[in-house]
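This report describes how the parts of one model meet one another. It takes the contacts within a chain, the contacts between chains and the surroundings of a ligand in turn.

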Amino acid sequence: MAFSTTIRESYRQELNGLRAAGLYKEERFILGNQGADIEVEFPAGAAGRKVINFCANNYLGLSSHPDVVAAAREGLASHGYGMSSVRFICGTQDIHRRLEDRLTAFLGTEDTILFPSCMDANAGVFEACLGADDVMIADRLVHASIVDGMRLCKAMNDTYKHSDMNHLEEKLKEHQDKRIRLIITDGVFSMDGDIAKLDEIVALAEKYDALVFVDDSHASGFIGKTGRGTHEHCGVFGKIDIITTTLGKGLGGASGGCVSGRKEIVEMCRQKARPYLFSNTVAPMIVAGALKVLDLVFTNTERRDTLEWNTKYWRQGLAEAGFDLKQGDSPIVPVMLYNAKLAQDMARDLFAEGIYVVGFFFPVVPQGAARIRTQLSAAHTRAHLDKGLAAFRKVGAKHGILGKGKKEITEMFGK
Amino acid sequence: MDDQKKMILDYVVREYLEEDDDTEITYDTELISGGIVDSFSMVSLKRFLEKKYNISIPDADASPEAFDTVNSISALVDRFKKA
Ligand SMILES: Cc1ncc(COP(=O)(O)O)c(C=O)c1O
């Protein structure tokens, strides 16, 4: 069938609907590499503007780290550009296996399997290891890729209120008739920046005979004293049955993800997880770069310590200025604005001040919970943070919201 | 009839609102399009209805539209109670 005018017109209408609703996403072009100081072309065609980046997942500042770049370059020379194969046909090199072993040691698990991305890991893992006799019980704020993965799996699904242990316990009781109960949570929640109560979750899992799944994409490399993740932070290292995480954020920022955990579950993924079986292998140079990243985080906690200091300084600065913050211990610091237009206006004004942040609103976050999500990096210097805080104070004062909480801001701007 | 609606409303408040959430929910409040219940969490409501009223609601009928208000949910339950 031809791509007729009618079909074209119906797509255009839908796209215009997104624009009218303020939900249309525009890309902003970064001229150069990822880092704390970047130059951004926005809107398309505008002159580049130098800004400080507060919205990347570059938590450890390794995205453009010279040692990582050099290791990737060496990997390119020694192992080639691509493998032109999925893993199980002829796409597995010595370094793929080495990276899996290193991740196993780092995460404190029994075995690890690499995926093209963590989105793919989450899309494949549930279907590979659960069936119709099982139940998945997920926190309501888990990442979209987990929701998609759960939809692909035949097991029953259920949810519990965000971090509400009483509600989780009710659900565990309700599902005692199932073969496997799998509790599913993010380690650090990407929109709120709070940390799952993994110690309590593990205790409930023991009491009600359940397994625990954690997506530690926003934690691996920096949460916990030695950066192993949320399980280290909560004192349950070695007790998580399934961890998924990404190499696309703190751990270098290129791409790739993994499922790490009980040996038999990883083995099931190697046999049955569709994104592993039917998508090309992670490129050799990325694997080589990731091995260097793990060397850096294994031997030295300096970067995660800097990140922790930066986060405290930033939180304190914003709180003292009178912003309403979501509480949490992660380098994701959401500035609550409640109103979608206010979040967009403030992000635009901050950009004009040389601070790159993004406003989030429904449907990415609940209605009436719009915010600017700021993210810290070990690559930020004290000067970056001070400049950022000054800009926030100026723009916050302009909109008259300093010292105001949810009730007052909602009264001023509406929901 | 109103008992049924009240039962459903009570469940929705218990199952979906946070402790400190003072959002008022009526029989006409848009639950899904209003962002109170997301389609991902809707399944527990469906299971509650099935157990409570001893009915079976096919997935095709458990649409976000049919689950959008207590009124429409109650109408759906009535439809399957008769079937
Ligand atoms: C919690 C969580 N899981 C998974 C992903 C997906 O990771 P990847 O970029 O490796 O697909 C993300 C990234 O957006 C995330 O925030």
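## Polar links between the domains of chain A

Between domain 1 of chain A and domain 2 of chain A, 7 residue pairs are in polar contact, both residues of each pair being at pLDDT 80 or more. The elements of chain A that give two or more residues to the domain 1 side of this contact are α13 (302–321), β11 (332–338) and β14 (370–375). The largest share of that side, 3 residues, comes from β14(A). By class, the residues on the domain 1 side that touch domain 2 of chain A comprise 7 nonpolar, 5 polar and 5 charged.

The structure is a predicted model. Salt bridges between domain 1 of chain A and domain 2 of chain A number 2. In a salt bridge between A:Asp192 and A:Lys326, the side chains meet with an N to O distance of 3.3 Å.

Domain 1 of chain A is made up of two segments, 23–53 and 301–413, whereas domain 2 of chain A covers 66–299. A distance of 28 Å separates the C-alpha centres of domain 1 and domain 2 of chain A.

Where the two domains touch, 17 residues of domain 1 of chain A are in contact with 18 residues of domain 2 of chain A. Together the domains bury about 1200 Å² between them, and carbon and sulfur atoms account for 59% of this area. Three residues, A:Thr301, A:Arg304 and A:Ile332, supply 36% of the area that domain 1 of chain A buries against domain 2 of chain A, more than any other three residues.

## The contact between chain B and chain A

How many residues does each chain bring to the contact? Chain B contributes 18 residues and chain A contributes 19 residues. The area buried between chain B and chain A is about 1300 Å², with 42% given by carbon and sulfur atoms. On the side of chain B, the residues that lose the most area to chain A are B:Glu15, B:Phe40 and B:Arg47, which together make up 48% of what that side buries.

The contact between chain B and chain A holds 3 salt bridges. B:Arg47 takes part in a salt bridge with A:Asp158, in which the closest N and O atoms are 3.0 Å apart. There are also 8 residue pairs in polar contact between chain B and chain A, with both residues at pLDDT 80 or more. Two helices of chain B, α1 (2–16) and α2 (42–53), each supply at least two residues of the side that touches chain A. Of that side, the largest share, 5 residues, comes from α1(B). The side of chain B that touches chain A divides by class into 6 nonpolar, 6 polar and 6 charged residues.

## Surroundings of the ligand

Which residues come nearest to the ligand? Of the 13 residues around the ligand, the nearest are A:Cys118, A:Asp215, A:His218, A:Thr246 and A:Lys249.

For A:His218, a polar side-chain atom lies 2.7 Å from an oxygen atom of the ligand. A polar side-chain atom of A:His143 is likewise placed by an oxygen atom of the ligand, at 3.3 Å. A:Ser217 has a polar side-chain atom 3.3 Å from a nitrogen atom of the ligand.

Key. Residues numbered from 1 in each chain as written. Chains lettered and ligands numbered in written order. Predicted model: local features only at pLDDT ≥ 70, side-chain atom pairs only at ≥ 80, totals over all residues. Heavy atoms only, no water. Contact = heavy atoms within 4.5 Å. Buried area = accessible area lost by both parts, 1.4 Å probe. Salt bridge = Lys/Arg side-chain N within 4 Å of Asp/Glu carboxyl O. Polar contact = N/O pair within 3.5 Å; in protein donor to acceptor, adjacent residues only side chain to side chain. Helix = DSSP H or I, 4+ residues; strand = E, 2+ residues; numbered from the N terminus. Nonpolar A, V, L, I, M, F, W, Y, C, P; charged D, E, K, R; others polar. Domains from an automatic or database assignment. Near = heavy atom within 4 Å.
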